[in-house]
Amino acid sequence: MLVRFTPYAMVLPIVLCILAFTYWPILVSFDLSFRHWDFMSSDKPFVGLSNYSELVRSDEFWNSVTITLIFTAISVPLRLALAIAIARYLTTESKTVRALRGAFFLPAVTSSVAIAVIWSWIFSTDAGVANALLNNLGIAKVPWLQTPSLALWVIIIVNTWKQLGYDIVIYVAGLQAIPEDLYEAAKMDGGKRWHTFRRVTFPLVMPTTYFLLIVSVIESFQIFTIVDVMTQGGPAMSTDMMVNMLYRTGFTLFDVGKGSALAVLLFVFLVVLTVLKSRILGKRVHYEH
Amino acid sequence: MNTSGGVVLRSTAVAVGLLFLSPLLYGIWISFQTANRFFSGNGEMTLQNYVDAVEKMNFLRYLFNSLIVSGGVTILSLATSIMAAYAFSRFEFRGRDLIFGLVVATLMIPGHITLIPNYLNFARVGLLDTYAGLILPAVANGFATFFLRQYFRGIPRSLDEAAWMDGANAWKVLYRVIIPMSKPAIYAMGLFIFLGEWNSYVWPLIATDSPDMLTLQIGLARLYKMDAQEGLVNWPLVMAAATLTMLPVLLGFALVERHLVRGISMGAIK
């Protein structure tokens with residue numbers, strides 16, 4: 001008799017946690033997005049879609065959407081191109097190669113805050129290494145993080161440096177799954193390296209590329225920490241990503257309704273991308289095995 | 001490959017690896033410099049920045065908080081995931097697939113959607129600025145549950161059955177058979193959870209306020225941001241704080257890199 005309830009008792013703690021801290025909050029977010037509230041006042045009047053319409057009519061919103069899109073459109077292809085270029089040389093299983101893969105991977109598991117702080121120093125105007133190197137070439141000091149047209153590039157560089165190792169590791173796994181005899185065949189045909197890459201390697205790692213493409217787009221849309229530490233969205237909003245705007249709207253300006261509406265919009269978009277990812281993953285299986 | 005080729009390969013690899021990690025290594029190097037040496041180029045190496053970070057900047061407390069929070073999350077995540085994974089892998093019960101689906105689906109839910117409601121709920125029950133408030137939202141771990149369920153499925157059922165024959169109940173089978181058989185997977189997963197939580201930023205940023213409750217990540221971000229606003233950053237001190245913040249990862253990385261990499265690849269293939 002007791003045995004019948006045992007499995008329920010075993011799943012109960014995790015079920016309570018996901019209901020309390022994930023599913024219930026999602027519903028609350030949708031609800032709050034239709035209300036006006038400042039965290040303080042006792043009533044939260046229902047205002048229909050007005051948070052959404054305010055959002056889509058504000059420059060602030062479109063600025064953060066645009067910045068996030070530019071960031072994603074540049075950093076994702078950059079990451080994937082660098083990762084596949086490097087991963088090609090790291091597919092063997094010698095000690096040296098494994099250590100080098102580890103070196104590339106280290107930033108991916110290192111604190112984003114620490115990384116952001118270190119790179120802030122490198123790109124700092126007076127004390128930074130970047131300007132010291134330029135100085136050697138006779139170029140005047142550049143205020144990297146204080147210049148709207150440059151700050152986003154710095155964010156892209158830092159984020160790419162941090163995430164590259166993850167992409168490399170996934171590409172290495174994809175490349176290792178390609179049967180050796182296909183390369184042999186390409187060699188027999190007198191294939192040049194670039195030719196082999198384009199005709200054999202690249203098509204065969206396509207599933208990995210699709211996977212990484214979607215994962216890194218999803219991830220890029222959620223970038224927050226590096227920006228929050230390095231620029232807080234500035235200068236002049238030039239690095240203001242969607243989650244940074246969400247944080248500011250909800251937790252600095254206490255506009256709960258608008259913050260929730262922003263969260264809901266980003267959520268819906270990312271869930272669509274995630275469903276897309278699952279589809280592609282389903283297709284990917286027969287390449288792997 | 002001949003020996004000289006091997007040497008060339010190895011030294012190229014070392015050079016590339018060092019170059020790639022040079023920002024990190026240079027940052028750590030700066031943390032041992034006196035402010036005088038850093039700004040003027042002469043002076044001594046010192047441990048004073050670490051002493052200052054710990055004594056004046058409360059970093060020992062932050063380190064302690066991070067250990068409590070990451071440790072708490074790791075233990076509770078493992079406990080809830082192990083129990084659930086065992087139930088999912090060994091029992092037929094009504095609603096099993098739905099419940100499993102709901103747990104695994106949390107993997108795909110972007111975290112930002114829960115921030116405002118969780119903040120409100122924790123404020124209502126007075127759990128902001130407490131360890132419980134930092135730990136609880138991170139306990140449910142869909143990836144750990146999924147991963148351990150797969151692993152448990154690979155353990156031959158004949159082992160459970162032998163224990164059942166001896167009169168053990170489900171909890172005893174879990175404790176005496178499944179957990180001992182899965183130690184490597186559980187350790188790897190625990191490590192994975194610990195490092196992830198160690199680096200966690202957004203929720204601790206929102207859920208803490210008083211100086212004694214900050215985690216390392218938040219303490220470091222505050223230290224740097226406050227300096228940066230004033231326009232003068234004590235870089236050696238900030239780098240010492242950053243090094244402290246990265247410490248467990250740097251120490252543990254060599255030890256567990258292979259587990260991590262395998263875990264990541266599995267995460268991608270799942």
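**Note on a predicted two-chain model**

1. Read along the sequence, chain B runs α-α-α-α-α-α-α-α-α-α-α-α-α-α. Its secondary structure amounts to 14 helices and zero strands. The radius of gyration of chain B is 23 Å, well over the 18 Å that the globule rule gives for 270 residues, so chain B is more spread out than a compact globule. The C-alpha trace of chain B spans about 75 × 70 × 30 Å along its principal axes.

2. The model scores ipTM 0.90 and pTM 0.90. For chain B the mean pLDDT is 89, and 91% of its residues reach 70 or more.

3. Two totals describe the inside of chain B. Of its 270 residues, 43% count as buried. Among contacts in chain B between residues at least 6 apart in sequence, 74% join residues at least 24 apart.

4. How do α8(B) and α11(B) lie, roughly parallel or roughly antiparallel? Helix α8 of chain B covers residues 142–153, and helix α11 of chain B covers residues 183–198. Their axes come within 11 Å and cross at roughly 170°. Because angles over 145 degrees count as roughly antiparallel, α8(B) is roughly antiparallel to α11(B). From α8(B), the contact uses B:A144, B:F147, B:L148 and B:Y151. From α11(B), the contact uses B:A185, B:M189 and B:I193. By class, the residues of this contact are seven nonpolar, no polar and no charged. As background for reading such residue lists, an α-helix has 3.6 residues a turn, so residues three or four places apart point the same way.

5. Helix α6 of chain B, residues 115–124, is mostly covered, with seven of its 10 residues buried. Which residues of α6(B) are buried? They are B:L115, B:I116, B:P117, B:N118, B:Y119, B:N121 and B:F122. Just after α6(B) comes B:G126, which takes a positive phi of about 70°.

6. The contact between the chains takes 62 residues from chain B and 62 residues from chain A. On the side of chain B that touches chain A, the elements giving two or more residues are α1 (3–30), α4 (59–90), α5 (96–105), α6, α12 (202–207), α13 (216–230) and α14 (235–269) of chain B. Helix α14(B) gives the largest share of that side, 14 residues. By class, the side of chain B that touches chain A has 47 nonpolar, 13 polar and two charged residues.

7. B:P110 is found in the loop between α5 and α6 of chain B. B:P110 counts as partly exposed because it has 19 C-beta neighbours inside 10 Å, and a residue needs 20 or more to be buried. Leaving out residues up to four places away in sequence, B:P110 touches A:Q222, A:L266, A:F267 and A:L270.

8. Chain A has some backbone features to check by eye. For background, most residues other than glycine have a negative phi, and most peptide bonds are trans. Which kind of peptide bond, cis or trans, runs from A:G234 to A:P235? The bond is cis, with omega near -10°. A:P235 lies in the loop between α11 (225–230) and α12 (242–252) of chain A. The loop between α11 and α12 of chain A also holds A:Q232. Phi of A:Q232 is near 50°, a positive value in a residue other than glycine. A:Q232 is partly exposed because 17 other C-beta atoms lie within 10 Å.

9. A:F254 is not a glycine, yet has a positive phi of about 55°. Its place is in the loop between α12 and α13 (256–288) of chain A. Why does A:F254 count as exposed? A:F254 has 12 C-beta neighbours inside 10 Å, and a residue is exposed if that number is 12 or fewer.

10. A last point concerns A:T196, which is found in helix α9 (residues 193–204) of chain A. With 17 C-beta neighbours inside 10 Å, A:T196 counts as partly exposed. A:T196 and A:E184 are 12 residues apart along the chain, and their C-alpha atoms are separated by 10.0 Å.

Methods. Residues numbered from 1 in each chain as written. Chains lettered and ligands numbered in written order. Predicted model: local features only at pLDDT ≥ 70, side-chain atom pairs only at ≥ 80, totals over all residues. pLDDT = per-residue confidence, 0-100. Helix = DSSP H or I, 4+ residues; strand = E, 2+ residues; numbered from the N terminus. Axes fitted to C-alpha atoms, helices over the stretch in contact; angles between N-to-C directions. Parallel < 35°, antiparallel > 145°, perpendicular 65-115°, else oblique. Contact = placed C-beta atoms within 7 Å. Nonpolar A, V, L, I, M, F, W, Y, C, P; charged D, E, K, R; others polar. Rg over C-alpha atoms; globule rule 2.2 N^0.38 Å.
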